[in-house]
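Dear colleague,

I am handing over the structure we spoke about, and below it you will find my notes on what turned up. Please read them with the model open beside you.

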Amino acid sequence: MTAKTISQGILRAVGILVGIALLLYFLYQIQSVIAYLAIAAVIALIGRPIVRFLRDRLKLPNTLAVILTMAFMVAILAGIIALFVPLISEQGKNLSLLDIDQLQQNLDTLYQEITDFIGASPDVVGEIIQESHIEETIVDRLDIGFIPNFLNSFVNVLSSASIGLFSVLFISFFFLKDSKLFERGILTFVPKNKETGTINSINKINSLLSRYFVGLLLQIFILFVIYTITLLIVGIENAIVIAFLCALFNIIPYVGPIIGGAIMIVLTMTSNLGMDFSTVILPKTGYVLIGLTIGQLVDNFFSQPFIFSNSVKSHPLEIFLIIIIAGLLFGVVGMIVAVPGYTAIKVILKEFLAEYKVVKSLTKSL
């Protein structure tokens with residue numbers, strides 16, 4: 001091997017590394033566009049069964065079927081936003097009159113009632129905390145002055161998201177109108193001898209993920225109904241909005257239900273401040289806890305097995321391990337995209353590496 005060959009190999013390797021680095025930098029710079037494409041793809045997968053029904057069963061033209069589907073989905077989105085507008089408007093009015101000191105005092109009152117109910121006086125709790133070398137109580141250390149800033153930031157995010165919403169809807173329309181658009185884009189980078197396997201993989205992935213996302217919507221709807229009934233029985237204001245928000249958290253596997261449940265319990269307790277803790281606050285909180293338990297039992301023993309078994313064709317234990325690993329590697333986002341990402345990988349492996357024993361074992365249900 002001559003010095004010229006070695007130098008050419010080194011230059012080629014350096015060129016490849018530089019090219020990869022530039023590609024990654026470019027993808028990082030357009031990450032918002034990639035996010036729009038991903039969200040639009042999900043919307044297209046959800047709307048795909050509706051378009052097929054309108055086109056194949058009702059014999060509507062493809063373009064009209066897509067327009068009606070998009071109008072239906074936009075109407076649902078508008079309805080969801082309409083649920084939150086009164087709550088946001090009300091909170092905006094309250095924000096201008098928000099007395100942080102009074103809110104801190106209300107939380108202190110709730111803390112006092114809880115300690116009195118469990119038979120532990122504040123002095124005893126203070127001694128325990130001091131023995132743990134903590135100088136301030138949890139309530140004293142809770143700085144709730146961040147609330148106005150957080151709400152203002154949230155409003156700014158909503159206003160800037162309008163461009164993203166338009167982009168997503170625009171891309172979704174063309175994904176639905178031309179179902180082969182995404183496929184042709186991928187085939188541009190695929191060798192000629194791999195095109196057939198790639199097309200089969202794309203069709204299989206579209207079918208599985210379409211059923212998965214539709215099942216996920218059904219899962220959220222079931223929890224929404226259970227949570228709404230629970231909150232209406234307890235008598236919580238804005239029950240529908242709170243129930244929808246808490247059900248939506250279920251998109252985040254394992255962690256989301258805990259967050260949603262905590263929100264429901266906290267809102268139940270704080271909405272009844274000033275009432276007797278043992279006869280009003282505690283019973284209502286117990287009813288909410290029962291409703292949460294029923295919702296999670298239905299979700300764990302009916303909704304999730306139905307979605308995982310009939311849509312992505314994976315064992316629940318297999319899904320659990322994938323979600324945990326994705327969460328450790330990529331955080332909450334990894335947990336959300338773990339199931340669809342893993343499903344796509346399994347389909348691709350079965351199409352191109354089916355001769356390997358491990359692949360056969362993992363993909364035998366596909």
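Which residue forms a salt bridge with E318? Bearing in mind throughout that this is a predicted model, the partner is K346, and the closest N and O atoms of the pair are 3.5 Å apart.

R55 forms a salt bridge with D56, where the closest N and O atoms are 3.4 Å apart. R55 has a relative accessible area of 32% and is therefore partly exposed, and D56, at 42% relative accessibility, likewise counts as partly exposed. In the remaining pair, the side chains of E195 and K192 meet in a salt bridge at 4.0 Å, taken from N to O. Here E195 is partly exposed, with a relative accessible area of 22%, whereas K192 is exposed, its relative accessible area being 69%.

Turning to the helices, α2 covers residues 31–57 and α9 covers residues 195–234, and the two pack at an angle of about 85 degrees with their axes 8 Å apart. Because angles of 65 to 115 degrees count as roughly perpendicular, α2 and α9 are roughly perpendicular to each other. On the α2 side the contact is made by V42, L45, I46, R48 and P49, which meet N206, S207, L209, S210, F213, V214 and L217 in α9. The residues of this contact divide into 8 nonpolar, 3 polar and 1 charged.

Finally, a word on the annotation. The unreviewed UniProt entry carries the annotation "transmembrane region" for residues 9–28, 34–51, 63–88, 154–176, 212–234, 240–267, 287–307 and 319–342. I looked at two of these spans in the model. Residues 212–234 are 100% helix and 0% strand, and the C-alpha atoms at the ends of the span lie 33 Å apart. Residues 319–342 are also 100% helix and 0% strand, yet there the end C-alpha atoms lie 9 Å apart.

Notes:
Residues are numbered from 1 along each chain as its sequence is written. This is a predicted model: local features need pLDDT of at least 70, side-chain atom pairs count only at pLDDT 80 or more; totals for chains, interfaces and linings use all residues. Side-chain values use heavy atoms; hydrogens and water are left out. UniProt positions are given in the numbering used here, feature names are shortened, and annotations may be inferred rather than shown by experiment. Helices (H or I, at least four residues) and strands (E, at least two) are DSSP runs, numbered from the N terminus. Axes are lines fitted to C-alpha atoms, for helices over the stretch in contact, and angles run from 0 to 180 degrees between N-to-C directions. Angles under 35 degrees count as roughly parallel, over 145 as roughly antiparallel, 65 to 115 as roughly perpendicular and the rest as oblique. Contact means heavy atoms within 4.5 Å. Ala, Val, Leu, Ile, Met, Phe, Trp, Tyr, Cys and Pro count as nonpolar, Asp, Glu, Lys and Arg as charged, and the others, Gly among them, as polar. Buried means under 20% relative accessible area, exposed over 50%, partly exposed in between (1.4 Å probe, protein chains only).
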